[in-house]
Amino acid sequence: MRSHRNEPAEEVTGLGRTSGPSVEALEGGAARTDQIGLDLIIPAHNEAHRIGPTLEAFRRELPHPDMRFIVALDNCDDATPEIVAHHAVEDSRVEIHAFPKLGKGGVIRQAFDRCRADLVAFVDADGSTAPGQLAILVDAVQRADGAIASRRLPASTVQGRRAVVRVAASVLFAWLVRHLFGLPYRDTQCGAKVIRREALELLIPRVTTSDYLFDVDLLLQADSHGYTIVEVPTVWVARPGSRVRLIRDLGDVAGSLLRLWMSQQGTWKRPQATWTAAARSET
């Protein structure tokens, strides 16, 4: 079993190059790609109010032609498709794929079928993770199979105001995940992750959860198959308008946690990861 590590804080400037894909960060937190194949998946459900600035930032600060920005639309009924389509016209690296309502995990699984790069990244559409922070994760993957951003390490920084109840619910959820599943990570839910595609080819078909527990399920699969996933401190910006309502959806989250825990104990058979032919054909 390969080990899990918490990565120490690294200075943003001058990240070292090694062989294979890498991202170097420049002064001011802006990142540039040098020699990299990276597909960035951005799941989005009705994100018209913030998907535009997020795409603008990533397009501007990650200019290398081998980058691709794959926006996976989860049954959007607002202006999100039109906004993303505008970016796709301006930048051929932006791809848009529309799916019926599948949940975050469902559209990520679908979008992964479109990935070709050696590294695959996920970020939330709200822009909480800046391109420079993604660059740090890519650098960390050069000594691991994957890297996840963490808001809960000593070197991490959380900017912006968050409701006390929301913070408390998030802390409780993280505690439950660590103690129910024995995972070493302090923060499974931060949206920024980078994983080698060869690992995801094994893991994605084994992940059956499509809701809030997708990240936990993915990391459980990585752990059970011996992949090294490092947890890296990050600068994370709290954005208004989050669609995650952990308190409101507490019953659903608790039920998903229970089912996932039972599957780990062998008392509940996990269903096969499936999706409809219609979902595959939606673009």
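**Reading aromatic features**

Reply: The model is predicted. We may begin with Tyr212, which is partly exposed, having a relative accessible area of 24%.

Me: How is a pair of aromatic rings described?

Reply: Such a pair is described by the distance of the centres and the angle of the planes. In this structure the count comes to 1 aromatic pair. Phe173 and Tyr212 form this pair, with 5.1 Å centre to centre and 70 degrees between the planes. The geometry is edge-to-face, because planes over 60 degrees apart are classed that way.

Me: Which parts of the chain does the pair tie together?

Reply: Phe173 belongs to helix H5 (residues 164–181), whereas Tyr212 lies in the loop between helix H6 (197–203) and helix H7 (214–224), so the pair ties together parts that are 39 residues apart in sequence.

Me: Is Phe173 buried or exposed?

Reply: Phe173 is buried, as its relative accessible area is 5% and the cut-off for that class is under 20%.

Me: Which residue lies over the face of Trp236?

Reply: Arg151 does, at 4.8 Å from the ring centre.

Me: How far apart are Gln159 and Trp236 in sequence and in space?

Reply: They are 77 residues apart in sequence and 6.2 Å apart in space, C-alpha to C-alpha. Gln159 is found in strand S9 (residues 157–159) and is partly exposed, with a relative accessible area of 38%.

Me: With which residues is Gln159 in contact, leaving aside its neighbours within four places in sequence?

Reply: Gln159 is in contact with Val235, Trp236, Val237 and Ala238.

Note on methods: Residues are numbered from 1 along each chain as its sequence is written. This is a predicted model: local features need pLDDT of at least 70, side-chain atom pairs count only at pLDDT 80 or more; totals for chains, interfaces and linings use all residues. Side-chain values use heavy atoms; hydrogens and water are left out. Rings of Phe, Tyr and Trp (its six-membered ring) pair if their centres lie within 6.5 Å; planes under 30 degrees apart count as stacked, over 60 as edge-to-face and the rest as tilted. Helices (H or I, at least four residues) and strands (E, at least two) are DSSP runs, numbered from the N terminus. Buried means under 20% relative accessible area, exposed over 50%, partly exposed in between (1.4 Å probe, protein chains only). A charge sits over a ring if NZ of Lys or CZ of Arg is within 6 Å of the ring centre and within 35 degrees of the ring normal. Contact means heavy atoms within 4.5 Å.
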